[in-house]
Amino acid sequence: MKSDGVVDITVLGAGPVGLSTAYYAGHRDATVRIVESLEQIGGQVSAVYPEKHVYDVAGHPKILGQKLTDLCAEQGLQYGADVRLGEEAKELSRIERDGEELYSLETDRGNRYLSRAIVITAGHGAFEPRKLGVEGIDGWEGRGLHYFVREKATFAGRRCVIVGGGDSALDWTLGLQDTARLPITLVHRRDRFRALETSVNEARRLAADGGVRICTPHEVRGIAGDGSMESVTLENTATGEVEEVPCDALITLLGFVSHLGAIAQWNIELEGKRQIRVDPMTMETNAPLIFAAGDVAGYPGKITLITIGMGEAAIAANNAVAQIRGEKAQPKYSTD
Ligand SMILES: Cc1cc2nc3c(=O)[nH]c(=O)nc-3n(C[C@H](O)[C@H](O)[C@H](O)COP(=O)(O)OP(=O)(O)OC[C@H]3O[C@@H](n4cnc5c(N)ncnc54)[C@H](O)[C@@H]3O)c2cc1C
C-alpha cells in the first residue's frame, strides 16, 4: 500500500462541485488531492449530459454541459491539485503521524492518501440508470438501447423512441429534433409530465407540427429486432390497445438509482439514505474536519443544483482551511 504526501484537503469526487472546492482551496493556498472513481472529470454533467445546454448557472446564460465542466476544470485545477482518476474511495480512518492527526483514505486500487481534512463531493455516489421492466432488457444494451444521450451524432437519422416524463426526456425530445428522424416518439406512463412547463409546451407545439409523437399513458411492453433493434411494442394503458412502433434507438431516461457505497459505512451521520448531513453554516459533517458539498450534502431545504453546490464548495473549502490553520473562517477576495 502506497502512502503519498500529506495534503491539506482530499476532495472526494471530481464533479463540478469537487472542481469548485479545489479552486477555493487552492485560492486559499491549501494543497489539494482529488480522488475520482470515473476515468474522467466532470461528474454527472460530463457523464450524463455533456451535450445538453445548461441555462441556470450564474454567469452562463446558456452553456453546453461539457463546456461548463471544461471551464470548471480550468479554474479548479489551476493551483496544481493532484488528480487521481479511476480510483474509488473505500476506507477512511484517522491516524497519527509526527504528532499530527490525519485522515487516511484508501481506494480500490490499494492506494492510501493522507490529508488534514476531507471534502466529500461525491454527488449521488456510484450511480446507474433505472431500467425498464421489460424482459431481457439488458440484452439490448449496445444494440439500440440507450440510457444516456452522450453524443447527438449517434442518433443521426435514427427512429428514436424516448421514454420518460421528466426533464431529461423532454430535453432530448427537443434536443434531438435537428438530428433524429422525425417524428420522435415520446412515451410516458402518465398523462402529466414532470418536466419544466416550457419544455412540455414546446413538445406539444412540435407534436402539432409533426416533430414529436406523444404517447401517454403508454408503456413499453416489448422490443424486437434481428441483431439490432427494429421496433418496440407500446401499450396504451388506458385502452389496452397495443401497437408496434419502428425504432432503431430506444432512449430510456427514467432517472438513476444510486447508493453512497462505502461512504455510508464511514460513521458519518446521513440525511436520508443518499446524503450526508451537514451544518449549512460550515458544510461540516458530524465528524471533525470532514465536510461535504454539492448533491451529496443534505440539510433541510437543500436544492441540488450546480450553482448551489458551487456556493457550498466555497463554504466548505474556506471552513476547512480555517480549521486546519486554527483561524476564524473569512472570505479572501480574488485579486491580482
Ligand atoms: C440529466 C440531468 C440534467 C441536469 N441538469 C442540470 C441543470 O441544467 N442545471 C443544474 O444546476 N443542475 C443540473 N443537474 C444536476 C447537476 O448535474 C448536479 O447538481 C451536479 O452534477 C452536482 O455536482 P456534484 O459535483 O455535487 O456531483 P456529481 O456531478 O455527481 O459528481 C460526483 C463525482 O463523485 C464521484 N464519486 C462518487 N462516489 C465516489 C467514490 N466513492 N470515490 C471516488 N469518486 C466518487 C462520481 O464518480 C462523480 O464523478 C442535472 C442532473 C441530471 C442527471
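Visitor: How many residues of domain 1 are in contact with domain 2, and how many of domain 2 with domain 1?
Guide: The model is a predicted one. The domain assignment gives domain 1 as 2-127 + 256-325 and domain 2 as 131-252. A contact here requires C-beta atoms within 7 Å. On that basis, the residues in contact are four of domain 1 and seven of domain 2.

Visitor: Into which classes do the residues of domain 1 that touch domain 2 divide?
Guide: The side of domain 1 that touches domain 2 has no polar residues. Its residues divide into two nonpolar and two charged.

Visitor: How far apart are the C-alpha centres of the two domains?
Guide: The distance is taken between the C-alpha centres of domain 1 and domain 2. Its value is 35 Å.

Visitor: Which element gives the most residues to the shell around the ligand?
Guide: The ligand is surrounded by 37 residues, with Gly13, Gly15, Gly43, Gly123 and Gly294 the closest. Two or more residues come from each of helix H1 (16-27), strand S3 (32-36), helix H2 (43-48) and helix H6 (306-325). The one that gives the most, with four residues, is H2.

Visitor: How many residues of the ligand shell are charged?
Guide: By class, the shell has 17 nonpolar and 16 polar residues. The number of charged residues is four.

Visitor: Is helix H4 mostly covered or mostly uncovered?
Guide: Helix H4 spans residues 167-175, and seven of its nine residues are buried. Among the buried ones are Leu170, Asp171 and Trp172. The buried residues pack against several elements, including helix H5 (197-209) and strand S13 (181-187). H4 is therefore, with 20 or more other C-beta atoms within 10 Å as the mark of a buried residue, mostly covered.

Methods. Residues numbered from 1 in each chain as written. Predicted model: local features only at pLDDT ≥ 70, side-chain atom pairs only at ≥ 80, totals over all residues. Domains from an automatic or database assignment. Contact = placed C-beta atoms within 7 Å. Nonpolar A, V, L, I, M, F, W, Y, C, P; charged D, E, K, R; others polar. Near = placed C-beta within 6 Å. Buried ≥ 20, exposed ≤ 12 C-beta atoms within 10 Å, placed from the backbone.
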